[in-house]
Structure formats: structure tokens, C-alpha cells
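I opened my notebook for a structure that was new to me. I wanted to look up a few things and write each one down.

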Amino acid sequence: MSNTVQKKKKHQFPTAYTVIIIVLLLVQILTFFIPSGNYATLEYDQPNKEFVITKPNGSKHKEAATQKTLDKYKVKIDVKKFTNGTIYKPVAIPDSYEKIDQKKPGLGGAIYQFLSSQVNGIAQSIDIIAFVLILGGCIGVVHANGAIDAGMQALSKKIKGKQVLLIVLVMGLITIGGTTFGLAEETMAFYPILIPVFLLAGFDRMTVVATIFLGTSIGTMASTINPFSTVIASNTAGVNFTEALPLRICMWATCVIVGMIYVIAYAKKVQKNPKASYVYNDFVKEDQEYLNQDQTTQEQEFTWRQKLTLLVFAITFIVMIWGVQQKGWYFTEIAVVFLATGYIFAFISGLSEHKFVESFVNGAGDLLGVALTIGLARAVSIVMEESHTSDTIMNFFSQQVSGMPPLVFIWFMFLVYIVLGFFIQSSSGLAVLSMPIMAPLANVVGIDRASIIDAYNWGQGFISLVAPTGLILMSLMMVNIGFNKWFKFCWKLLVIEFGICLAFLAIGLVVY
């Protein structure tokens with residue numbers, strides 16, 4: 001018996017922390033072999049209303065914020081995009097890449113960078129971490145006053161026989177949020193709430209992460225009007241994003257329908273046979289709380305305090321989505337909203353002062369692992385930035401794609417953005433870095449620049465489904481599922497989505 005246990009432990013897949021550390025180590029090693037280099041950049045200085053040009057060696061000078069200056073540097077963007085704040089990050093200047101004399105750190109320096117990048121990653125992600133911990137505290141309070149248990153019992157009666165609608169509704173709403181305003185990290189707030197709902201519907205935890213994470217990933221990948229990807233990439237490339245909108249809507253609809261069918265097929269299989277679950281027997285103790293509740297729990301009263309607590313919690317999510325979409329809120333503002341909700345809970349939950357504080361702290365503690373993972377993932381980007389290797393990778397790929405036939409070119413660009421998206425997880429950052437370099441290549445091979453936007457969107461979105469540097473590991477930690485089981489679940493969908501992307505890229509060459 002002990003030998004069997006030891007064998008199982010020996011073959012266990014590494015945790016999310018270890019996966020990120022392995023990726024960070026590999027990137028750290030690569031920085032010793034990839035030459036350091038930079039593109040010159042152009043940035044609009046809003047207070048002084050002029051352009052700041054930063055050369056590859058770091059020296060800066062200022063020039064007039066005019067179209068003539070942009071033309072001088074071959075930046076094919078309307079000057080109004082800078083002056084009205086649409087493009088607010090530094091833009092790479094085409095044909096300006098230069099290697100720089102960046103001394104590679106010795107063993108001691110590399111070790112220090114490896115460790116300090118993790119600390120700085122946590123520090124730079126503090127707003128997201130604060131949001132996650134405060135969210136965990138609120139969830140802990142909602143659990144403590146029994147609102148979730150009572151609410152789930154009431155909901156389970158309503159959805160009996162219509163469980164599949166849960167997947168369609170949740171996934172549909174999330175994909176709409178992803179394609180319109182970039183709903184992504186904010187969806188972490190939904191996991192603790194939806195786990196019991198899905199379990200009572202007869203699904204498993206894999207269905208939860210599939211519905212939420214695939215919803216946001218497909219939505220952001222097949223972006224239509226997302227200002228953080230499609231819009232800023234189009235503006236940086238010097239094209240109107242609305243011209244390509246019909247094809248992108250078709251792409252989004254196709255991916256959503258395929259994704260829903262994939263998740264529903266798995267969920268129904270689990271409903272009929274729980275042993276078909278990829279996480280069968282992994283959560284027996286935890287899931288018994290929802291699947292085998294005793295008669296007393298089933299008949300407990302759904303009190304007005306519990307109803308009010310859930311109502312306030314639901315309103316908080318609505319306010320969050322509204323703020324992100326309409327007011328451009330980021331995680332500091334979202335965290336403030338949830339903190340305010342925590343104070344409201346203190347008065348309406350019915351918990352004593354000691355019980356309230358204990359529940360809040362314990363709830364925050366439950367999500368501490370997720371918070372740390374977010375900081376560690378950021379460390380990968382920090383190492384790339386400090387070693388000045390991102391621009392070198394970009395320059396390498398830009399040289400490889402010139403002179404190709406149109407179809408081969410756009411498919412290769414898709415693969416390029418898969419690689420770049422692995423290392424550069426910021427969609428807006430990747431857009432302003434790459435579009436001034438890649439977009440002009442479309443003119444060289446005789447295709448519309450909108451196709452480059454699609455290759456960028458779909459490439460960096462596709463890799464986000466499995467990239468350890470992205471949101472997937474944090475999402476899996478919310479449901480306590482290993483990355484190996486996620487890959488086992490989604491690899492067939494990856495193949496399907498890959499084919500869909502290639503097909504729509506080919507269609508784009510005809511349509512645009």
C-alpha cells in the first residue's frame with residue numbers, strides 16, 4: 001500500500017508555483033544566449049504636448065507632436081491617436097532596432113535577478129493581489145452566514161432539468177465581456193461562487209474552470225471591440241478597426257459555439273457517469289458538502305439576512321463590470337468596491353464582530369496561493385524587460401516573414417504571435433511594441449493590415465489557453481486542479497481552435 005502511494009506521489013504533476021518557476025528559470029537561461037537590443041520608441045508627452053524619442057541606448061530627445069514627425073520616423077499613425085490619448089504607451093519605431101552593450105550577469109547576478117524578479121513581480125502586482133485577498137475575505141463572510149449554502153439549495157430546485165443552461169448563460173456572458181471590454185482577471189471572482197452551483201447541477205470542477213476560463217479566453221482571443229487589444233492594435237497599425245468587424249464577429253461566434261459544444265459534451269458525460277470526470281475522486285471530501293448534504297441542511301431556512309447578503313454581493317459584481325466597461329476601472333478601484341462591500345457585510349450578515357473578522361481573514365487566506373501565483377507570473381516579464389531580449393525576439397521574427405506568399409505569411413504571423421504572446425502577456429503592450437514593426441510588412445506582401453491585427457489577436461489569445469505565464473494557472477488554483485489535467489481536457493479543443501484560426505485568417509485575405 002505504501003509503495004503504491006509513493007509511486008503516485010512520485011508521478012504527480014508539479015504545482016502551479018513550480019511550473020511558473022520552471023518557466024522563469026528557462027527564460028532566465030535564454031537571456032544568456034539571446035542578444036540584448038532595443039527598438040527606438042516614440043511616446044507622446046501629454047503635459048508638454050510633444051513627442052519624446054527614446055533611442056536604443058536610452059538617450060532621449062523631444063520633437064514636435066506633428067504628423068510630419070511621425071512620417072519622419074515611418075510611424076504610419078494619425079497624430080490625433082496620440083494627442084487624444086488613444087495611444088498612451090511608447091510605440092516602437094520601425095527599422096530602428098539596435099543591439100546594445102548589455103553585460104550579461106554572472107552567476108551571482110543571475111541568481112539575484114531570479115529572486116528579485118519574483119519579489120518585484122509581487123510588488124508590481126499588488127493591486128491585483130489586494131483585489132484577490134479582499135474578494136476572498138468577502139466570500140469567507142458570505143460562506144460564514146450560510147448565504148451560499150441556502151442560496152445554492154434554492155437555486156438547485158430552480159435549475160433541475162435545465163443544468164446545461166448554466167453553461168450557456170455563464171459562458172455566453174463572459175465571452176461577451178471578453179470580446180467587448182477585455183473581461184479577464186476579474187472572472188476569478190466567479191469561481192468560489194459557481195463551484196457549488198455547478199456541483200449541485202451534477203457537473204464537476206473541470207466544468208467550472210472550462211466554462212469560466214474558456215469563456216474569457218475565447219472572448220479575448222476573438223476580440224471584436226476590446227479597447228485593450230483590437231482597438232489599440234488597429235490604431236497603432238494605422239487602420240480603422242470597424243472595417244474588419246463583420247469577419248471578427250463571425251470568428252467570435254464560431255469559437256463560442258464550438259467552445260460551448262465542447263464544454264457541454266464533457267459536462268453531460270460527467271452528469272451521466274461521474275467516473276468520466278478528469279478530477280474524479282480528487283475532491284471527495286470537499287464536494288460531499290454539496291452533493292451529500294444531510295436532511296437538516298437541505299431544509300434550512302433561507303433567511304432575509306442571507307438573501308440580502310447575496311443581493312449585495314450580486315450588486316457588487318454588477319458595479320464591478322460597469323466600472324471596468326464604462327469608467328475604465330482597474331484593480332485598485334475594483335478592490336475598493338469589494339472592500340466597501342465587506343463593510344456592508346459587517347452590518348447585514350448577522351455575524352458577531354469576532355466571527356466576522358475571523359471569516360474575512362480565513363477567506364482571504366484561502367486565496368493567498370492565487371495571489372502569490374499572480375506575482376510569480378509577472379516575474380517572467382520582468383526578467384525579459386531587464387535583459388532587453390523582447391525586442392530582439394521581435395526583430396528576429398520581423399526579418400523572417402518578409403518576402404513570403406500572402407497565405408504562408410499570415411499563417412506564419414499567427415505562429416509568431418503565439419510565441420510572442422507566451423512571453424508578452426499584456427495585449428496592449430504587445431500591440432504597441434509589435435504593430436509599428438509588423439503592420440508595414442503586410443504592405444510588402446500585398447495584404448490588408450487588418451489581417452495582421454487578426455494574426456496578433458488570435459495568436460496571443462490562442463496561447464493564453466495554456467501559457468503558464470498567463471491566467472490559466474491562477475484559474476486552475478481557484479478550483480485546485482493540476483495543469484496536466486487541464487491539458488488533458490482541452491488539447492482536442494486546442495487543435496480545433498487552431499484550425500478555426502487558420503481558416504479565418506485565410507478567409508480574411510479574400511474578404512479584406
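Leaving aside its neighbours within four places in sequence, which residues is Thr211 in contact with? I found Ile167, Val170, Met171, Phe198 and Val263. Contact here means heavy atoms within 4.5 Å.

Before going on, I noted the ground rules. This is a predicted model, where local features need pLDDT of at least 70, side-chain atom pairs count only at pLDDT 80 or more, and totals for chains, interfaces and linings use all residues. Residues are numbered from 1 along each chain as its sequence is written, and side-chain values use heavy atoms, with hydrogens and water left out.

**Entry: Thr211.** I placed Thr211 in helix α10, residues 205-221. Helices (H or I, at least four residues) and strands (E, at least two) are DSSP runs, numbered from the N terminus. Is Thr211 buried or exposed? Its relative accessibility is 0%, so I wrote down buried. Buried means under 20% relative accessible area, exposed over 50%, and partly exposed in between, with a 1.4 Å probe and protein chains only. I also saw the side chain of Thr211 reach the backbone oxygen of Thr207 at 2.7 Å.

**Entry: the sheet.** I traced an open sheet of four strands, ordered β4-β3-β2-β5, with antiparallel pairing. β4 (60-64) and β5 (91-92) are at the edges with a single partner strand each, so one side of each has no neighbour in the sheet. Strands pair if DSSP finds at least two bridges between them. I looked up β3 (residues 50-54) and β4 next, and five bridges join them. Glu50 has Ala64 in β4 as its bridge partner, and Val52 stands opposite Lys62 in β4. The β3 and β4 hairpin has five residues between its strands, and Gly58 takes a positive phi near 100° there.

**Entry: the cavity.** How many cavities of 30 Å³ or more does a search of the whole structure find? I got one. A cavity is a set of points on a 1 Å grid over the protein atoms alone, where a 1.4 Å probe fits but cannot get out; lining residues have an atom within 4 Å of a point. The largest cavity holds about 50 Å³ of space, and a volume is the space filled by probe spheres set on the points. Its lining includes Lys74, Ile77, Thr236, Met435 and Arg449. α11 (227-237) and α21 (427-445) each supply at least two lining residues. α21 gives the most, with three.

Technical notes
Polar contact = N/O pair within 3.5 Å; in protein donor to acceptor, adjacent residues only side chain to side chain. 1 Å grid on protein atoms, 1.4 Å probe; cavity = no way out; pocket = protein on both sides within 12 Å on 5 of 7 lines; lining within 4 Å.
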